[in-house]
Amino acid sequence: MSLKIRLLLGAAVPFVFVLPAAAQVQITTATTTPVSTATANNGAAANVEITSAGSITLPAAAGSTGVTINSNNTLTNSGTISVPGSDNSVGVRILPNLTASYTASGNVTLLEEFTRPDTDNDGDLDGPVASGTGRIGLLVEPGGTMTGSIITTSGGFTVEGNNSAGVAIRSALNGNYRQRGAISVTGANSVGLEMTQDVSGDVSIGGNTVVIGEGSVGARILGDVAGEFAVDGGILATGFTTTDTRFSNYLLVPDAATSARLRDADDLLTGGPALEIRGDLARGFLVNGNATGGVDPTADVKDVIQNFNENRVA
């Protein structure tokens, strides 16, 4: 090697390769147009952020989707995504085999204008609790793997419809699922949270998950979870048409004279399990109620969420 070449190497400034930041599109006002990440930036792909002042509210139409993640991009929702009165509709749809994520402090709603009738004029509403069908707050479509995480810090999913779901993850998840927002689903044969495939990371179910409807399930975990699995919120599944404790004295005697016929048989149907687990949990299962964090009041007793990692052997 010549002296000239040595001097050039010694004086050279190292190359630094900087990948361009992904484009980001903000939705800051109310819109009635569906959005897809693949075309959000004037036909080009971009991350999408719905700010607290932004919203997407679609007109009623069967098969609608509020936001579709169909590129290697992210969706941040601090506002509202609403798909009202639409069967077989989805609030947020994530295609498989992408690197993507959903992070939210906002809300996704799929509601319907439906009131149970009082067909026998006894002062108690009758019939099914929902009329629509096939509505899903967040859907990861089947057919592959989603690489990324789904995280809700507040807000949540509210769905009204039979055969529906708050969150349905139907591909493998190479990432984490962390729920701190609420899930509310009203309808028969529905589910609050459904995971049908394996998860490589952690699953943490916080907030409150409430599912009302005959045969409906709070949370259904069918695949294996390689990370930590914790329930640190409330999960309720019931076939009863109300969770109001004021009627608890009448629930088992719907035909008793003292009940004033407050509850008919169609108000007292059988729900599914609050939590259904069929896969393997590699690092165990912690049920910890509504954890608030903060200072551990009993540091010498391994009994709260702060101690979870201390309780297990990695």
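Modeller: To start, the accessible surface of the protein is about 15200 Å², and 54% of it belongs to carbon and sulfur atoms. Keep in mind that this is a predicted model.

Colleague: OK. How many helices and strands are there in the protein?

Modeller: There are 2 helices and 29 strands.

Colleague: And what share of the residues counts as buried?

Modeller: Of the 314 residues, 46% count as buried. As for contacts between residues at least 6 apart in sequence, 78% of them join residues at least 24 apart.

Colleague: Zoom in on strands 22 and 25. How many bridges do they pair over?

Modeller: Strand 22 (residues 203-205) and strand 25 (residues 229-231) pair over 3 bridges, in the parallel sense. Ser-204 stands opposite Ala-230 of strand 25 there.

Colleague: What about the open sheet of 3 strands, which order does that have?

Modeller: That one goes 10-14-18, with parallel pairing. Strand 10 (98-99) and strand 18 (172-174) are at the edges with a single partner strand each, so each has one side left without a neighbour in the sheet. Strand 10 pairs with strand 14 (residues 145-147) over 2 bridges, and the bridge partner of Leu-98 in strand 14 is Met-146.

Colleague: Switching to packing. Which residues have the most contacts inside the largest nonpolar core?

Modeller: Leu-75, Tyr-102, Leu-138, Tyr-177 and Leu-193, in a core of 42 residues. Apart from that core lies another, of 7 residues, including Val-90, Leu-139, Ala-165 and Val-191.

Colleague: Take Leu-193. What does it touch, leaving out residues up to four places away in sequence?

Modeller: Leu-193's contacts, on that count, are Val-167, Tyr-177, Gln-179, Ile-183, Ile-205, Gly-218, Ala-219, Arg-220 and Ile-221.

Colleague: And Thr-152, is that buried or exposed?

Modeller: Buried, because its relative accessible area is 5%, under the 20% cut-off. Thr-152 sits in strand 15 (residues 150-152). Setting aside residues up to four places away in sequence, Thr-152 touches Tyr-102, Ala-104, Phe-157, Arg-178, Gln-179, Arg-180 and Gly-181.

Colleague: On to the rings. How many aromatic pairs do you count?

Modeller: The count comes to 2 aromatic pairs. Tyr-102 and Phe-157 have ring centres 6.2 Å apart and planes at 40°, so that pair is tilted.

Colleague: Which strands do Tyr-102 and Phe-157 lie in?

Modeller: Tyr-102 is in strand 11 (residues 101-104) and Phe-157 in strand 16 (residues 156-160), so the pair ties together parts 55 residues apart in sequence. Both Tyr-102 and Phe-157 are buried.

Colleague: And how do Phe-229 and Phe-285 pair up?

Modeller: Edge-to-face, with 5.2 Å centre to centre and 80° between the planes. Phe-229 is in strand 25 and Phe-285 in strand 29, so this pair links distant parts of the chain, 56 residues apart.

Colleague: Is Phe-229 buried or exposed?

Modeller: Phe-229 is buried, with a relative accessible area of 0%. Phe-285, on the other hand, is partly exposed at 40%, because partly exposed covers what falls between the buried limit of 20% and the exposed limit of 50%.

Key: Residues are numbered from 1 along each chain as its sequence is written. This is a predicted model: local features need pLDDT of at least 70, side-chain atom pairs count only at pLDDT 80 or more; totals for chains, interfaces and linings use all residues. Side-chain values use heavy atoms; hydrogens and water are left out. Two strands pair if DSSP finds at least two bridges between them. Helices (H or I, at least four residues) and strands (E, at least two) are DSSP runs, numbered from the N terminus. Buried means under 20% relative accessible area, exposed over 50%, partly exposed in between (1.4 Å probe, protein chains only). Contact means heavy atoms within 4.5 Å. Accessible areas come from the Shrake-Rupley method with a 1.4 Å probe; for residues, only the protein chains shown count as cover. A nonpolar core is a set of buried Ala, Val, Leu, Ile, Met, Phe, Trp, Tyr and Cys residues joined through side-chain atoms within 4.5 Å. Rings of Phe, Tyr and Trp (its six-membered ring) pair if their centres lie within 6.5 Å; planes under 30 degrees apart count as stacked, over 60 as edge-to-face and the rest as tilted.
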